[in-house]
Amino acid sequence: MDVPPVWLMRQAGRYLPEYRATRAEAGDFLSLCYNSELAAEVTLQPIRRYGFDAAILFADILLLPQALGAELWFETGEGPRMSTITGPEGLKALKGKDDIHDHMAPVYETCRILSRELPKETTLIGFAGAPWTVATYMIAGRGTKDQAPAHALRTEDEATFAALIDLLTDATIEYLSKQVEAGCEVVKIFDSWAGSLKGEAFDKYAMEPAKRIIAEMKARHPGLPCIAFPREAGDKCIGFARATGADCVALDNSVSAEWAVENVQKDGCVQGNMDPKLMVTGGQALIDETRRIKEAFSKGPHIFNLGHGITPDADPENVTVMLEALRA
Ligand SMILES: Cc1c2[nH]c(c1CCC(=O)O)Cc1[nH]c(c(CCC(=O)O)c1C)Cc1[nH]c(c(CCC(=O)O)c1C)Cc1[nH]c(c(C)c1CCC(=O)O)C2
C-alpha cells in the first residue's frame, strides 16, 4: 500500500515544548504571528522533529480582519476577541481589499524565509479563513458555539452581511495571491463553521465565496492546488470539489472514512480525518486507527491528517507513533 503524504493541522502549536519556548520569546501569540523570523522558526519545528511532507505557514485566520482595520486580541485561556460589526457603519469603517499589504508584510516575509529554509521535498501551504468563518468572528467579536450573531445579521440585514462576505472574499484573494508570490505552493481555505450554514445559505455563503476565491487564484496562478475545509458540512461535502473547483476536500472526523470514500473521494483528493483525541490518548487505538484510515482511503488520492487541529494536551510522542504506523 502506498504511504500517503501527511501533515497535521496546528502541527506548530502548544503541544510542542519548543513552540512554547519560542512563543514566550515572542511575548504573545499575535507578536509571534507578526515576527517573521520566529513565525518561520515555529513553522519549521514540527518539520525538523517529524519530517512531515508539508509545512503550513504560521499565522492565523483572524489576521486578515485585523489588516482590514478590526481590533483583535487574545484573552489568555479563552480565545480571540475582536471589535464587532453590527450594521452598515461597522462595515464602512473597514479598509479596502488592497489596503491590507503593509499590515501583512511580516506574514509575506515569513513565507519567503520558509521557501528558502524548508527542505525541497516539503510543500509550503499558505492559508486563509473562509469568508463565512472569518465573518462569524468579526460580527460576534469572539468565537461562538452556534454563530448566532452572524446568522442574525444574515437574516436581519442581509445587504450588510453580503457586502462583508464580498469584501472578505476579495481581500482573501489579494492576501492568498501575495502568499503564493512569496513562495507558498498550495493554499488552504479554512471554513471551520461551514456546518452551521444550511440549505441555500450554504450555497451562497460557503460554496460561492470558495468558488470565487479558487477560480481567481487559479486564473492568477495556473496549476495552484487549492484545499477547501468545509468543516462539519456533512452531506454538503458531496460535490463540493466540483462545485468550487477545489483540488482537495479536507474532512473533519464527523464523517466516516467509508462514507467519504464513496461520496467525496470519488471526485478527487481528500484530506483527513483522524480524531485529534487519539493524539492525546495514544496506545494501540492510535495505531489501529491510523492503519484503518490509511487503508480505507488507499484506492484514491489521500493526504493523511486529523479531522481538526492537534490540541495542546496531545503527547508529542504520539505523533511519532502515528507516523511509524502510517509509514510502515
Ligand atoms: C477558527 C480558526 C482560528 N484560527 C484558525 C482557525 C481555523 C481552523 C480551526 O478551526 O482551528 C486557523 C489557524 N490558526 C493557526 C494556524 C496555523 C497553521 C497550523 O498550524 O495549522 C491556522 C491555520 C495558529 C494558531 N491559532 C491559535 C493558536 C494557539 C495560540 C497560542 O496560544 O499559542 C495557534 C497555534 C489561536 C486561535 N486562533 C483562532 C482561535 C479560535 C484560537 C484560540 C483557540 C486556541 O487557543 O487553540 C481562530
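Helices here are DSSP runs of H or I with at least four residues, strands are runs of E with at least two, and both are numbered from the N terminus. The model is a predicted one: local features need pLDDT of at least 70, side-chain atom pairs count only at pLDDT 80 or more, and totals for chains, interfaces and linings use all residues. Numbering starts from 1 along each chain as its sequence is written.

**Helix 3.** Select residues 36–50. These 15 residues reach 22 Å from the first C-alpha to the last, close to the 21 Å expected at 1.5 Å a residue; the expected span is 1.5 Å times one less than the number of residues. Next, pick Leu44, where helix 3 bends by about 25°. The bend is the angle between axes fitted to the seven residues ending at a residue and the seven starting there.

Colour the buried residues of helix 3, among them Ala39, Val42, Leu44 and Ile47. A residue is buried if 20 or more other C-beta atoms, placed from the backbone, lie within 10 Å of its own. Now show what covers them, including helix 1 (17–26), helix 2 (29–33), strand 1 (54–56) and helix 6 (101–117).

**Helix 7.** Move to residues 131–140. Helix 7 is mostly covered, with ten of its ten residues buried. They include Pro131, Trp132, Tyr137 and Met138. After helix 7 comes Gly141, whose phi is positive, near 80°.

**The ligand.** Which residues are closest to the ligand? They are Gly13, Phe29, Gly79, Phe190 and Ser192, in a shell of 22 residues. Coloured by class, the shell shows eleven nonpolar, seven polar and four charged residues. Nonpolar means Ala, Val, Leu, Ile, Met, Phe, Trp, Tyr, Cys and Pro; charged means Asp, Glu, Lys and Arg; the others, Gly among them, are polar.

**The whole protein.** Zoom out to see 15 helices and nine strands. The C-alpha atoms fill a box of roughly 55 × 45 × 40 Å, taken along the principal axes. Buried residues make up 45% of the 328 residues.

Conventions. A residue is near a molecule or strand if its C-beta atom, placed from the backbone, lies within 6 Å of it. A residue is buried if 20 or more other C-beta atoms lie within 10 Å of its own, exposed if 12 or fewer, and partly exposed in between; C-beta atoms are placed from the backbone. Two residues are in contact if their C-beta atoms, placed from the backbone, lie within 7 Å.
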